[in-house]
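Hi,

Here is the structure I promised to pass on.

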Amino acid sequence: KQWYQRRVAITAGGSRGRGRGNRTGRGAGDAKEWYPCTKLGRLVKDGMIKKIEEIYLFSLPIKEAEIIDFFLGSKLKDEVLKIMPVQKQTRAGQRTRFKAFVAIGDFDGHIGLGVKCSKEVATAIRGAIILAKLSVIPVRRGYWGNKIGTPHTVPCKVTGKCGSVLVRLVPAPRGTGLVSAPVPKKLLSMAGFEDCYTCATGQTATLGNFAKATFAAISATYAYLTPDMWSPTVFTNSPYQEYTDYLAKPFVKQPKKEVKY
C-alpha cells in the first residue's frame, strides 16, 4: 500500500510523497481558445443558444466539455471521490492502472459523475473531469409539505440502482439536512439538495456503484410526470431546425493575429 500512496502523491503533483500538491482549479489553467467541433458547439459559442436548459429541453447530446464550461464554468466545483488501482494479468506479470471517480456540480440544480481509468493518476483525474462535464444533468427539486420558499428536497421518492447497490431518496422536511452516508451526501449537496432522507441496500462499500446508484436516483427526479407538469406543451423548433441556414454555412477558423514587436 505504501508504494501505491507514494506513486499517487508523486503523479498527482506532490513532492516525494509529502502531500498531494496544490490541487485547486483543475483544468482551469488552460486558457486556449475554444474551436467548436459540433453543430451544438457552434450555436453555443456564437450566442444562438442562451441557456443550457434549451439543450436539455430538446435532449441534444453534448459531445464537448467546453459547452458546460461556457454556461456553468465559474459555478462548477469538482471533487475526486476515489482513486483506486486496478490490475490486469499479463504474461509479464500485472499491469496496474488507476481508476478515478469524480463528481462535479454547481450546488444549484446541476450534477455530473465521471469515471476514467489511466496509467497515470493525473491523467485519470483529468479524463474523469471531462467525462463528468459531459454527463451533467438537470436536477429537479421540490417540497416536503407546503410550497413555501425555495425548493429544498427531492420532489418524490426516487430510486437508483447499480450492481447490487440500491439507493432510495425520500423527501424530508425543511431543516432536516442530508441524512446520508458520506458518498451520497457529497453528490446530493453538489446537486443543490438541502434536506433528504436516504436508504441504501447492497454492497455500499463498493464506492463506484454507490456513487452511480445515487447519480441514477438523482437523474430520476425528472423522470416522473407529476400533476404540476400537466400543462399543455407548446412545441417549438429545435435549435438545429431554427438555425439550419446558419449551420449550412461552412465554419471558418479565425486566423490568429500576429503581434509585431
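This is a predicted model: local features need pLDDT of at least 70, side-chain atom pairs count only at pLDDT 80 or more; totals for chains, interfaces and linings use all residues.

Residues are numbered from 1 along each chain as its sequence is written, and side-chain values use heavy atoms, with hydrogens and water left out.

**Salt bridges**

By that rule there are 5 salt bridges. One of them joins Lys45 to Glu33, with the closest N and O atoms 3.7 Å apart. That pair links distant parts of the chain: Lys45 sits in helix H2 (residues 39-45), Glu33 in the loop between helix H1 (2-11) and H2, and they are 12 residues apart. (Helices and strands here are DSSP runs, H or I of at least four residues for helices and E of at least two for strands, numbered from the N terminus.) How open are the two partners? Some cut-offs for that: buried means under 20% relative accessible area, exposed over 50%, and partly exposed in between, using a 1.4 Å probe and protein chains only. Lys45 is partly exposed at 30%, and Glu33 is exposed at 53%.

Asp108 and Arg141 make another salt bridge, their closest N and O atoms being 3.1 Å apart. Asp108 is in the loop between E2 and E3 and Arg141 in the loop between strand E4 (137-138) and strand E5 (158-162), so this pair ties together parts 33 residues apart in sequence. Both count as partly exposed, Asp108 at 44% and Arg141 at 25%.

Then there is Asp228 with Arg140, where the closest N and O atoms are 3.3 Å apart. Because Asp228 lies in the loop between H7 and H8 and Arg140 in the loop between E4 and E5, the pair ties together parts that are 88 residues apart in sequence. Asp228 is exposed, at 52% relative accessible area, whereas Arg140 is buried at 9%.

**A pocket and a patch**

Arg140 and Arg141 turn up again in the lining of the second largest pocket, along with Glu53, Glu54, Tyr56, Leu57, Gly109, His110, Pro138, Val139, Tyr222 and Met229. For the record, a pocket is worked out on a 1 Å grid over the protein atoms alone, as an open set of points where a 1.4 Å probe fits, with protein on both sides within 12 Å along at least five of seven lines; lining residues have an atom within 4 Å of a point. The volume of this one is about 260 Å³, meaning the space filled by probe spheres set on the points, which are joined across faces, edges and corners. Which element gives the largest share of the lining? H3 does, with 4 residues. By type, the lining has 6 nonpolar, 2 polar and 4 charged residues, where Ala, Val, Leu, Ile, Met, Phe, Trp, Tyr, Cys and Pro count as nonpolar, Asp, Glu, Lys and Arg as charged, and the others, Gly among them, as polar.

Tyr222 and Met229 also belong to a nonpolar surface patch with Leu225 and Trp230, and together the four have about 470 Å² of accessible area. A patch like this takes residues with over 30% relative accessible area and no salt bridge, joining nonpolar side chains (Val, Leu, Ile, Met, Phe, Trp, Tyr) within 5 Å, or like charges within 9 Å. The areas come from the Shrake-Rupley method with a 1.4 Å probe, and for residues only the protein chains shown count as cover. Trp230 is in the loop between helix H7 (207-219) and helix H8 (239-242) and is exposed at 57%.

**Two positive phi angles**

Ser59 has a phi near 55°, positive although the residue is not glycine. Ser59 belongs to the loop between helix H3 (52-57) and helix H4 (65-72) and is exposed, at 62%. Phe107 likewise has a positive phi, near 60°, in the loop between strand E2 (93-105) and strand E3 (110-118); Phe107 is partly exposed at 43%.

Cheers

Definitions and conventions. A salt bridge is a side-chain nitrogen of Lys or Arg within 4 Å of a carboxyl oxygen of Asp or Glu.
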